[in-house]
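I opened this entry to record what I looked up, item by item.

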2 protein chains.
Amino acid sequence: MNLLSFLSRRGTAPVARERLQILLAHERVAFGRSDLVAVLREEILAVIAKHVAIDKEKVKVTMERGDAVSTLEIDVELPKAVRRAVA
Amino acid sequence: MNLLSFLSRRGTAPVARERLQILLAHERVAFGRSDLVAVLREEILAVIAKHVAIDKEKVKVTMERGDAVSTLEIDVELPKAVRRAVA
């Protein structure tokens, strides 16, 4: 499944970290509004920060701009939630 | 490349539509904060709507909640931008 491969493509061993990954892809057929992902980046980060305490050093943002598709990837390691017994 | 397979997995022929796709994945290691993607859904849609005129019928939202990973997929067909000559 593509989504799972997206999640696992970093190839890291399972680590007990909670994280949030966001992938944006903007497919264009014409010019104009070309920086939509750039515009949305800060606002989406602000939305996340409203709900979880984000350590800026734990946020990885990757942006790629192609002719037809621009992509933005945000990877946030979340602070530990209140833990309960987890197998 | 996984990102491209994510983009192309609908298998549709190339159509001259502009669109924005957003994929959120929340990996949990503990309970609590389990509805982060649900919380972010409305706010992210609101952020997008601030910048582009969204036709609600052109927005497809898919949410899946698993034990360890919750995912949210938002697929927005954008209104036609001002067109210029595009090869």
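**Surface and chain A**

I took accessible areas from the Shrake-Rupley method with a 1.4 Å probe; for residues, only the protein chains shown count as cover. By that method, chain A has an accessible surface of about 4900 Å². Carbon and sulfur atoms hold 54% of that surface.

I noted the ground rules next. This is a predicted model, where local features need pLDDT of at least 70 and side-chain atom pairs count only at pLDDT 80 or more, while totals for chains, interfaces and linings use all residues. Residues are numbered from 1 along each chain as its sequence is written, chains are lettered from A and ligands numbered from 1 in the order in which they are written, and side-chain values use heavy atoms, with hydrogens and water left out.

I then listed the elements. Helices (H or I, at least four residues) and strands (E, at least two) are DSSP runs, numbered from the N terminus. Chain A holds two helices and three strands. Along the sequence, I read the pattern α-β-α-β-β in chain A.

I checked burial too. Buried means under 20% relative accessible area, exposed over 50%, and partly exposed in between (1.4 Å probe, protein chains only). In chain A, 37% of the 87 residues count as buried.

I also looked at contacts, meaning heavy atoms within 4.5 Å. I took those in chain A between residues at least 6 apart in sequence. Of these, 59% join residues at least 24 apart.

**The sheet**

Which order do the strands of the sheet follow? I found an open sheet of six strands, ordered β2(A)-β3(A)-β1(A)-β1(B)-β3(B)-β2(B), with antiparallel pairing. Two strands pair if DSSP finds at least two bridges between them. On average, neighbouring strands are turned by 5° against each other, direction ignored.

I followed the join between chains. Strand β1 (residues 18–27) of chain A pairs with strand β1 (residues 18–27) of chain B over nine bridges, in the antiparallel sense. There, A:Gln21 has B:Ala25 of β1(B) as its bridge partner.

Helix α2 (residues 36–51) of chain A packs on the sheet. I saw this helix touch β1, β2 and β3 (69–78) of chain A, and also β1 and β3 (69–78) of chain B. Its direction makes about 155° with that of β1(A). Angles run from 0 to 180 degrees between N-to-C directions, and axes are lines fitted to C-alpha atoms, for helices over the stretch in contact.

Within chain B, β1(B) and β3(B) pair over ten antiparallel bridges. B:Gln21 stands opposite B:Asp75 in β3(B). β2(B) and β3(B) pair over seven antiparallel bridges, and B:Thr62 has B:Glu73 as its bridge partner in β3(B). These two strands, β2(B) and β3(B), form a hairpin with three residues between them. Eight of the ten residues of β3(B) are buried, so this strand is largely enclosed by the rest of the structure.

**Helix against helix**

How do α2(A) and α2(B) pack? Their angle is about 145°, and their axes are 10 Å apart. I noted residues on both sides of the contact, among them A:Leu40 and A:Ile44 of α2(A), and B:Leu40 and B:Ile44 of α2(B).

**Salt bridges**

I counted a salt bridge when a side-chain nitrogen of Lys or Arg is within 4 Å of a carboxyl oxygen of Asp or Glu. The whole structure has eight of them over all chains.

B:Lys50 and A:Glu43 meet in one, at 3.0 Å from N to O. B:Lys50 lies in helix α2 of chain B and A:Glu43 in helix α2 of chain A, so the pair joins two chains. B:Lys50 is exposed at 60% relative accessible area, whereas A:Glu43 is buried at 19%.

B:Glu43 and A:Lys50 form another, with the closest N and O atoms 3.0 Å apart. A:Lys50 is exposed, at 60%.

Inside chain A, A:Glu42 bridges to A:Arg41 at 3.3 Å between the closest N and O atoms. A:Glu42 is partly exposed at 47%, and A:Arg41 is partly exposed at 26%.

Last, I noted a network of salt bridges linking A:Arg19, A:Asp75 and B:Glu27.
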